[in-house]
Amino acid sequence: MTPEILVRYKRAAVDAAMPHFGMNCGRKAFNRWLRPHPFSLGKLIQMTKTTLLTAASAVAVLFAGAAQAHDVQYRAIGPAGSITSADTNAAAGPGNAVVADQDANKYGRSLVGLYLIAQESLGASLGAGTLALQDPLTAGTLPSGNNLYTISLTNATFGRAISNADLTGANCTSVISSGGTATSSSVTFLVSSAGGGTCAGFTEVNLPVLPTAAGTVTVTTNYTTEAGLPIDGGADSLDAIYAIDAFQPTVNATFSTANTGPGAGADTFAQLAPATGSTTPYTALSGDDDLGRLAIYVDTRANRTLIPADPNAAVADVTNATVTVTGDFSAFDGAAGAAGNPTLTSGVGGGVLQAALSGNVATFANAQGNITQLLSAKPAGSVFEVVADGGVIPVSDYNAGIAFTLATGYATQPNGGGAFETIEREGTNFIAPWFSGSGAQSQSQIRMSSTGQASGAVRVTVTNGVFNFNGTPTTFPTTTCAQTFQVPADGDLVISTATMQSCFGTFTRGDVLITVEGASAGLTAKMRNTSPQGNFETTLGRYSGSNYATMGQ
């Protein structure tokens with residue numbers, strides 16, 4: 001390449017660059033080329049590359065906006081049926097003192113400023129909505145020529161094909177470059193200034209959206225040059241939609257959040273010596289007869305569709321509900337003469353229902369009017385109560401299930417369930433560490449004796465027990481022996497290694513809790529440990545730190 005050709009090449013490159021930047025650095029470089037240069041041709045070509053790269057870097061600095069960034073946001077006004085800022089969740093709303101606290105606990109975030117859709121509405125029948133957004137540049141205009149504008153969604157697709165008409169900006173011409181189909185979640189536009197004017201970004205972005213799962217739908221936008229250099233701070237995001245649980249079946253153990261009051265109480269105990277009525281042990285309950293609460297809570301902030309004018313979720317959308325409670329109801333069925341059958345009492349004026357009993361199942365049909373409540377009423381709930389009929393009350397766990405149906409248009413029917421309180425029996429507790437098992441150096445044995453009448457049932461429970469499965473020690477928190485023991489009158493009960501293995505199989509060691517259904521008077525317990533160092537015998541003290549017994553400690 002001759003010097004004359006190289007000069008023309010250099011000047012053409014500089015002249016092509018100058019209109020884009022409005023800077024004179026290219027002209028100065030050209031003037032330097034007019035003077036004789038002592039360097040080699042290779043050095044001159046390298047300087048040409050350096051000059052051009054310097055000019056390109058100036059563009060990046062000019063439009064990257066190190067201290068500024070475009071901000072994609074909802075608009076206040078949009079096309080008919082679109083989602084605007086006025087349709088998002090406000091800081092104040094129905095029962096918001098309760099539900100705002102729940103948001104932090106249930107969803108791990110604030111939901112203020114998002115459009116809330118019922119996750120029960122997500123599915124094939126849900127039509128796409130339109131987000132009325134805006135995304136102008138913070139200041140200035142796009143570089144001359146072609147640039148790129150990319151929009152992407154997380155947790156959603158567009159739901160319908162995007163068109164060029166979905167973007168509006170003064171002096172901006174946009175053409176879809178890639179993506180934008182109904183089933184896609186990203187689209188890129190080729191953007192240029194129209195009619196020799198300047199494009200300052202888009203003041204209207206009418207974005208179709210169709211959430212695909214519960215949680216947050218996020219919109220991310222980005223202005224770049226065709227070379228991929230960021231413009232006005234790079235990418236920006238907006239959390240636009242959140243799919244929430246509009247219908248929340250709730251039972252005791254999961255009844256409340258940290259800020260909305262208590263849920264389940266402590267376990268209920270059958271009294272060893274009933275305070276009123278029959279003197280027969282275990283025919284009356286201590287405290288109240290309530291075993292728990294349940295409800296279907298309705299979050300009316302949830303929109304049923306992506307059209308804001310359509311109805312929100314409502315209590316009436318639960319069209320049918322059935323509650324089932326499993327447990328031993330033999331002392332609560334009226335068979336012993338007193339009024340029986342468990343009841344379900346609404347916490348919000350929905351009346352009282354009486355269960356239909358069949359064996360170990362209590363059923364409340366058509367319970368929707370009794371248990372369906374506004375989330376803002378939490379934790380009122382409906383109270384499940386048993387009525388003792390004079391029979392001997394057994395030890396039993398109680399569990400509840402809620403099955404319900406939603407109105408037409410909802411895609412899912414989220415049934416729920418959980419544990420109620422357990423009915424235990426008052427009595428006397430002893431606790432001791434246990435070492436046992438084949439090959440163990442230490443062996444344990446417990447002897448219990450009675451100097452009076454025979455005791456009631458004796459239950460053995462292991463806490464933090466270690467079980468040996470195929471040579472691998474495995475820890476289980478709590479395990480109760482299925483066998484029933486008794487301390488005979490003026491006799492004793494020996495709990496040995498063989499006893500423990502018959503109860504727990506591969507059990508080797510742990511803390512043993514012994515619950516005797518009887519008064520403490522006349523009961524004693526001793527533990528003997530045998531090891532290579534000798535025999536050690538300890539008298540066990542009565543233990544009161546357990547839910548298994550509350551009397552005669």
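Which residues have the most contacts inside the largest nonpolar core? They are Phe247, Leu294, Val325, Phe384 and Phe420.

## About the model

This is a predicted model, where local features need pLDDT of at least 70, side-chain atom pairs count only at pLDDT 80 or more, and totals for chains, interfaces and linings use all residues. Residues are numbered from 1 along each chain as its sequence is written, and side-chain values use heavy atoms, leaving out hydrogens and water.

## The nonpolar cores

The largest core has 45 residues. A nonpolar core here is a set of buried Ala, Val, Leu, Ile, Met, Phe, Trp, Tyr and Cys residues joined through side-chain atoms within 4.5 Å; buried means under 20% relative accessible area (1.4 Å probe, protein chains only). Elements giving two or more residues to this core include β12 (247-251), β14 (290-298) and β15 (318-326); strands are DSSP runs (E, at least two residues), numbered from the N terminus.

Apart from this core lies another, of 37 residues, with Leu122 and Phe189 among them.

## An aromatic cluster

Let's look at the rings next. Ring pairs link Phe329, Phe364, Phe384, Tyr398 and Phe420 into a cluster. Rings of Phe, Tyr and Trp (its six-membered ring) pair if their centres lie within 6.5 Å, and planes over 60 degrees apart count as edge-to-face, under 30 as stacked and the rest as tilted.

Phe329 and Phe384 have ring centres 6.5 Å apart and planes at 75°, so they pair edge-to-face. They are 55 residues apart, with Phe384 in strand β21 (residues 382-385). For Phe364 and Phe384, the centres are 6.2 Å apart and the planes at 90°, so this pair is edge-to-face. Phe364 is buried, with a relative accessible area of 1%, and Phe384 is buried, at 0%.

Notes: Buried means under 20% relative accessible area, exposed over 50%, partly exposed in between (1.4 Å probe, protein chains only). Helices (H or I, at least four residues) and strands (E, at least two) are DSSP runs, numbered from the N terminus.
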